[in-house]
Amino acid sequence: MISRIGALLLRYLYLYRRSTARLMGVLFWPVMDLLVWGFLTSYLEKIAAPRGVTFLLGAVIFWDIFYSAQQAITLSITEDIWARNILNVFVAPVRTWELLVATSLIGVLRATVSAGVLAILARLFYGFPLFAIGLPLLPFYFSLLLFGWAMGMFTMALVLRFGQAAEALIWGIPFLIQPLSAVFYPVSVLPAWLRAISLLLPSTHVFEGMRSALSTGRVSAGVLAAAVGLNAIYLAAGGAFFGWMLGRVREKGYLARLGMD
Amino acid sequence: MPETPGRLDAAISVTGLTKQFGDVAAVDGLSFSVAPGEIFGLLGANGAGKTTTIQLLLGLTTPTAGDVRVLGLRMPSDRLAILQRVNFSSAYISLPSNLTVRQNLRVFAGLYSVRNAPAKIDGLLELFEVSDSANKATGALSSGQLTRVNLCKAFLNDPEVLFLDEPTASLDPDIADKVRTALQKLQRERGVTIVYSSHNMREVEVLCDRVLFLAHGRAVAEGTPRDVLARSKSDSLEDVFIAIARDGNTIEPRA
């Protein structure tokens with residue numbers, strides 16, 4: 001078991017080491033994002049809201065944690081489809097959960113490196129003190145990681161089933177979730193009917209909690225409990241959906257087609 | 001109950017195997033067995049059901065009906081135990097192109113929990129004459145080198161059963177001959193059972209102990225290449241292939 005998970009981790013780490021595109025996904029794009037939002041924050045502070053909008057930088061960094069975790073699961077497996085290597089993986093004695101654990105661990109690594117670099121740059125360039133919040137950051141970090149894994153499993157299941165036609169979802173699903181998660185604005189800004197949907201996402205509670213923690217230095221236990229509870233539901237549903245879809249894909253012969261087309 | 005390894009009558013035993021995709025039966029009530037240590041040719045035109053049969057034997061696709069046993073274990077319920085003892089290579093799949101050959105083999109050695117992996121990898125690279133490519137990116141290899149690296153991957157876990165789907169397709173005659181020679185050597189030394197799919201009938205005559213021709217997912221001829229040839233009254237196995245592909249003729253077993 002350890003050998004197989006280790007081998008999968010090695011495969012994905014080699015991939016990041018030897019692929020400029022994947023490395024850019026970890027560092028270049030998130031840093032560019034941070035710079036744009038950083039300058040916008042500086043500008044807004046000057047003209048309208050002194051010290052009132054630095055949470056935007058926190059939002060960028062936190063959003064990257066979710067995005068990295070979701071991307072790590074989906075891109076790791078999609079890379080094997082693109083490389084026509086997926087059948088080699090599925091004819092090896094690898095359990096489905098071992099595959100998911102390995103890709104999730106890559107998600108932890110990717111999110112930690114990416115968010116860590118962004119937090120350091122935000123401090124250096126814009127004086128944004130994310131680390132000053134300290135330990136209360138951790139529950140938010142893990143919560144977004146868990147939601148990223150859950151969405152990664154949903155996305156990957158759809159890619160296994162629908163192949164290339166569903167690949168746009170790898171990048172599309174995070175952007176579908178982002179406006180609903182109240183990442184850059186309070187959930188109260190959303191229309192009432194959308195707010196109800198928004199509150200069903202753990203990410204909404206995390207970003208609401210993050211804004212509150214940045215302004216008060218305290219983390220609301222209620223917000224955390226909501227995020228943890230919803231994450232448990234999404235993770236269970238994501239895992240079950242992935243397993244069910246893999247069974248369907250084997251039944252329909254799509255797995256073999258996916259690997260050879 | 002699984003049979004004890006070493007006492008197997010058949011490395012592979014298939015009974016009434018059927019795979020239905022909607023209205024189409026890709027494999028239709030197929031029954032055959034492969035003896036341990038045999039090189040068994042699975043033959044037929046495109047769409048005859050060869051690849052689907054191999055996928056069913058490997059658990060990549062679940063059957064609609066029928067019983068599949070590999071090394072005495074039942075597929076798909078014992079899938080992981082079977083996959084630990086078999087391997088697969090195909091001309092239509094590849095290895096990640098941006099990893100070096102050695103990195104790729106190291107990853108698969110881990111997936112199969114291979115002991116003393118570096119020595120094993122070096123030995124296989126040498127056997128298939130691709131040691132010089134060990135540190136090259138896999139995407140930079142020629143198709144001949146890539147085929148041989150794929151075979152190195154396929155032999156990493158000392159498989160008891162090896163599934164090879166057109167392994168020499170797209171190879172020049174020289175490299176194809178080298179691949180066949182290496183396969184024969186390994187088969188003789190290790191007694192590995194090989195299920196071999198190919199469109200090259202000359203290759204099949206040289207390599208295979210027995211063959212099974214498929215048409216529309218059904219078995220239409222089975223036996224040694226010589227035996228099938230004699231019963232078909234054709235001049236060559238290629239003529240047998242063409243006749244089956246065009247007319248779906250069945251060649252009855254010898255009475």
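Modeller: Strand β8(B) is covered on both faces: B:Thr193, B:Val195 and B:Ser197 on one side are buried, as are B:Ile194 and B:Tyr196 on the other. The strand spans residues 193-197 of chain B, and 5 of its 5 residues are buried. Here a residue is buried if 20 or more other C-beta atoms lie within 10 Å of its own, exposed if 12 or fewer, and partly exposed in between, with C-beta atoms placed from the backbone. The model is predicted, and local features are given at pLDDT of at least 70 and side-chain atom pairs at pLDDT 80 or more, while totals for chains, interfaces and linings use all residues. Residues are numbered from 1 along each chain as its sequence is written, and chains are lettered from A and ligands numbered from 1 in the order in which they are written. Helices (H or I, at least four residues) and strands (E, at least two) are DSSP runs, numbered from the N terminus.

The two neighbours of the strand come next. Strands of a sheet pair through backbone hydrogen bonds, either parallel or antiparallel; two strands count as paired if DSSP finds at least two bridges between them. Strand β7 of chain B (residues 161-165) runs parallel to β8(B) and is joined to it by 5 bridges. Within this pairing B:Phe163 has B:Val195 as its bridge partner, and B:Asp165 stands opposite B:Ser197. Strand β3 of chain B (residues 39-43) also pairs with β8(B) in the parallel sense, over 4 bridges. There, B:Ile39 stands opposite B:Ile194.

These strands belong to an open sheet of 6 strands in chain B, with the order β6-β7-β8-β3-β9-β10 and mixed pairing. At its edges stand β6 (86-90) and β10 (218-223) of chain B; each has a single partner strand, so one side of each is left without a neighbour in the sheet. From one strand to the next the twist averages 15 degrees. Axes are lines fitted to C-alpha atoms, for helices over the stretch in contact, and angles run from 0 to 180 degrees between N-to-C directions.

Helix α1 of chain B (residues 50-58) lies across β8(B) together with β3, β6, β7 and β9 (210-215) of chain B, and runs at about 150 degrees to β7(B). Contact between two residues requires their C-beta atoms, placed from the backbone, to lie within 7 Å. The helix α1(B) also lies across β1 (12-21), β2, β4 and β5 of chain B, at about 65 degrees to β2(B). Those strands form an open sheet of 4 strands, with the order β2-β1-β4-β5 and antiparallel pairing. Its edges are β2 (24-34) and β5 (73-75) of chain B, each with a single partner strand, so one side of each is left without a neighbour in the sheet. Neighbouring strands of this sheet are turned against each other by 30 degrees on average, direction ignored.

Elsewhere in chain B, helix α5 (residues 143-155) and helix α6 (residues 173-190) pack at about 15 degrees, with their axes 10 Å apart. That angle makes α5(B) roughly parallel to α6(B); angles under 35 degrees count as roughly parallel, over 145 as roughly antiparallel, 65 to 115 as roughly perpendicular and the rest as oblique. The contact joins B:Gly144, B:Thr147, B:Arg148, B:Leu151 and B:Phe155 of α5(B) to B:Ile175, B:Val179 and B:Leu186 of α6(B). By class, its residues divide into 5 nonpolar, 2 polar and 1 charged. In this division Ala, Val, Leu, Ile, Met, Phe, Trp, Tyr, Cys and Pro count as nonpolar, Asp, Glu, Lys and Arg as charged, and the others, Gly among them, as polar.

Finally, chain B also meets chain A: 28 residues of chain B are in contact with 28 residues of chain A. On the chain B side, α1, α2 (79-85) and α3 (101-111) each supply at least two residues. Of these, α3(B) gives the most, with 6 residues. The side of chain B that touches chain A comprises 15 nonpolar, 11 polar and 2 charged residues.
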